[in-house]
Amino acid sequence: MERLRAQDPNDWRVATYDAKKAKRTRTGKNRKCSYCDEKGHNRATCSYLKEHMSTTQGKNAIFRAAIYKRFQALGIGVGTIISSDRNMQRVDPDDYESERYRVPQVITQICWDNINFWNKTYTYFDKNAPYLTKPLTKIDVKYSSDADETSAAQYEDGSHWRYDDRYTFFAEVESPVTADAPPAKWFDSVGRAIKALYKKRTKWEGAL
Ligand SMILES: [Zn+2]
């Protein structure tokens, strides 16, 4: 383009190029930030968004420190055996009048990114679960005969256990372990979880 301009500054292609460029700059200046609605910047450079995210981060850091203390006190980590009324089986599967017992569950994964103060819908069985578990008895019970690759993978990682119900059950620790150390920077609460939280928020909602 610059070579063309040097040859003939009045070339129509040069004029079109300049007009388009000027329009881009104009609309860029007029574009509103989708977080605060002010002009002249975008979400990436929005000072309100930055400030609100940092407020949320500070609160979450306090929350995570408290939760981790509970993990340590209760002995929650990979390998902890827990039980709850969510997973019950008959003592005699063929006798529907026989007593029911809690099927012990072993924690197979701590979902560190889900442990946030704004996560109000912990059910232990949905995508917000703080950890995944697998049952220690009756391990075949949820394996459907028409399993496809997806459900096979869910069976592998234990996530299929979340599918049935969305009730909250109180889990009790049957056999504690030494709590695992969280990933690096988890206590600072920086990164993915907050970015995802603010992705669709706007300034009028304020800092969470
Ligand atoms: Zn803004």
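Because the model is predicted, local features were considered at pLDDT of at least 70 and side-chain atom pairs at pLDDT 80 or more, whereas totals for chains, interfaces and linings use all residues. Residues are numbered from 1 along each chain as its sequence is written, and side-chain values rest on heavy atoms, with hydrogens and water left out.

The protein contains five helices and six strands, defined as DSSP runs numbered from the N terminus (helices: H or I, at least four residues; strands: E, at least two). Their order along the sequence is α-α-α-β-β-β-β-β-α-β-α. Of the 208 residues, 30% are buried; this term denotes under 20% relative accessible area, exposed denotes over 50%, and partly exposed lies in between (1.4 Å probe, protein chains only).

Cys-33 is buried, at 0% relative accessible area, and Cys-36 is buried at 10%.

His-52 is located in helix H3 (residues 47-74). This residue counts as buried because its relative accessible area is 12%. Beyond its neighbours within four places in sequence, His-52 is in contact (heavy atoms within 4.5 Å) with Tyr-35, Tyr-198, Lys-203, Gly-206 and Ala-207.

Six salt bridges were counted, each a side-chain nitrogen of Lys or Arg within 4 Å of a carboxyl oxygen of Asp or Glu. In one of them, Arg-13 pairs with Asp-11 at 3.1 Å, N to O; Arg-13 is partly exposed, at 40% relative accessibility, whereas Asp-11 is buried, at 12%. Another joins the side chains of Arg-102 and Glu-172 at 2.8 Å, N to O. This pair links distant parts of the chain, with Arg-102 in strand S3 (residues 100-102) and Glu-172 in strand S6 (residues 172-175), 70 residues apart.
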